[in-house]
Amino acid sequence: CVDDQILRGSEFFLREIKADDVVANLLDNLIIDVGFDRLLPASIVHCGVITDYNKDLIRFKIEASHVSVLMGFVPQVYEMLQKMQDISSLRKLILTGGAVSPEFMTYLRSRVPRVSVVIFYGATEVGVIAAMEDSSGWFSIVGDSLILEVRHDDGSIDETGIGDILITDRS
């Protein structure tokens, strides 16, 4: 079941990242740094850990590489977008690692209006679990081997999406 879910997560990235893309990975050695980058048809710009000392260097690296896909944790992507001057090559943002507030989505629509935004939720144990494209407003389960529910502390299912996430497999 876990192997099947990891395969579905891999398919998610292969669907979102195209052969002519240049992907800047801000995910601190996660997702596409652990060998998965060899499977992707795109060029990968490994940015490493962002610190106060290298932010400008990473921004320069992203701009000089004409990155078309910027992937990272929500605060990292926000910070880079604030610093970047040339965003003309960007076509997609792939976000993870935290909630994306309505204010942040408003910022993205004003800063990069023609850029597609994809948000994914994952877990170390099984990889990508769910993804949302900005046009839908809802997360969709990636693959069919898992059941994802949001529950209250008393165990009842929450329809609004606020609560604890419970992930179980279908088998």
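Predicted model: local features only at pLDDT ≥ 70, side-chain atom pairs only at ≥ 80, totals over all residues.
Residues are numbered from 1 along each chain as its sequence is written, and side-chain values use heavy atoms, with hydrogens and water left out.

For the secondary structure I listed four helices and nine strands, taking helices (H or I, at least four residues) and strands (E, at least two) as DSSP runs numbered from the N terminus. Along the sequence they follow the pattern α-β-β-α-β-α-β-α-β-β-β-β-β.

I then turned to the nonpolar cores, each a set of buried Ala, Val, Leu, Ile, Met, Phe, Trp, Tyr and Cys residues joined through side-chain atoms within 4.5 Å. The largest has 26 residues, and Leu26, Ile62, Leu70, Leu81, Leu90, Leu93 and Leu108 have the most contacts inside it. Two or more residues come from each of E1 (22–25), H2 (55–64), H3 (74–83), E4 (92–96), H4 (102–111) and E5 (116–123), with H3 giving the most, four residues. A second, separate core of twelve residues includes Ile17, Leu27, Ile44 and Met71.

For Leu70 I looked up the contacts (heavy atoms within 4.5 Å) beyond its neighbours within four places in sequence, and found among them Ala24, Leu26, Ile62, Val77, Leu81, Lys92 and Ile94. Across the protein chain, 45% of the contacts between residues at least 6 apart in sequence join residues at least 24 apart.

How values were computed. Buried < 20%, exposed > 50% of the residue type's maximum accessible area, 1.4 Å probe, protein only.
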